[in-house]
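Please look through the protein shown below before reading on. The briefing that follows takes up its surface, a sheet and some aromatic rings.

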Amino acid sequence: MKSSDFIDLSNVELLNIDEPKKKKKIFEIKTIIIILIMVLILLFGIGLFWFLSYAKEITKEEKLENKIVELGTDLDKNVNNYVKDEKCKLNLENVDKNKIGKYKYYINCKKKNYYGYIEVKDTTKPIVTTKVVNITKNNEFKIEQFIMNTYDLSEVKYMYDDNFDINNYNKSNGLYLIPIHVIDSSKNRTNVVGILMVSNLTAERYISASKLESTTYNATLTITDKIGINNTNYYVNAIRMYNYTFNGNEEYNKVKQEYQNTNKINNVEGKAVFDDELNNIKIVKILNKQELDLLNGSFPYTYSEISSLYYKLGYGVIIEDSK
């Protein structure tokens, strides 16, 4: 290249080229959209918070105190016994009175709602009646044989004392009192006594004849004769029970001490069962034929004649199975 062809660029002015206006406008639109979205999110959050707070205020429930009811008893359906407002409706649909547990109940009112809990508990001891079990020597027996009836709303189990040895009670003829514990699923316990009669001849059933008698003690006395009958309806053995229920524990404790010193109560000798909770003493003894003859001069032998005799003497008579 020739020197004459050289171009001087020192005085040439450079042009400053701006971004296209279209690109700038898009950026501005995006910015506005983002701001609008943020505003909408903020407004939605505020609205949701206000709505939830308002809804919570409308549906707010006030808690009532818990109630406890006994298993199997009828539920109280009077709403005024829960809240003092006749315009309320009580909802007990979730409560099962026949099953132990804790249940929620509701009360719907015009301006306010309520809720609470009903706890169904079992605090009632089993109700148990026992009967005489009659076996021959060295024969076996089971604990369930002593139970005539058991009433409880839950399952029960029968237990001997921990130190009870069944093999010690069937070696010799005689009368034995067997302590039995009846325990339900809530661990409510009733203590009863089974009567075991070991004899040469066994009864298929017992005529149980009971009558109230007067006593010098401040107590109620019931005398019960249990007459064993064999499979041909003839007398084989007999037991008498003196059941004293004292009106207070002072005389009960006095008579209890009397028995512990003399093995007798009111000159009656026998095996004793003491119930400190009920102030009750039961004396049980074997009756021989001579003692039975004192009832009418000559005690009969057949089932029908024995039953008739006790009816005539004013006794209430029932029949108990011995098996």
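Is Tyr117 buried, partly exposed or exposed? With a relative accessible area of 25%, Tyr117 is partly exposed, since buried means under 20% relative accessible area, exposed over 50%, and partly exposed in between (1.4 Å probe, protein chains only). This is a predicted model, in which local features need pLDDT of at least 70 and side-chain atom pairs count only at pLDDT 80 or more, while totals for chains, interfaces and linings use all residues. Residues are numbered from 1 along each chain as its sequence is written, and side-chain values use heavy atoms, with hydrogens and water left out.

**Aromatic rings**
- The whole structure holds 15 aromatic pairs, where rings of Phe, Tyr and Trp (its six-membered ring) pair if their centres lie within 6.5 Å, and planes under 30 degrees apart count as stacked, over 60 as edge-to-face and the rest as tilted.
- Tyr115 and Tyr117 form an edge-to-face pair, with 6.2 Å from centre to centre and 90° between the planes.
- Tyr115 is buried, because its relative accessible area is 18%.
- One aromatic cluster is formed by Tyr235, Phe299, Tyr301, Tyr310 and Tyr315.

- Strand S10 (residues 174–184) and strand S11 (residues 189–198) pair in the antiparallel sense over 10 bridges, and Ile183 stands opposite Arg189 in S11.

How values were computed:
Pairing = 2+ DSSP bridges. Helix = DSSP H or I, 4+ residues; strand = E, 2+ residues; numbered from the N terminus.
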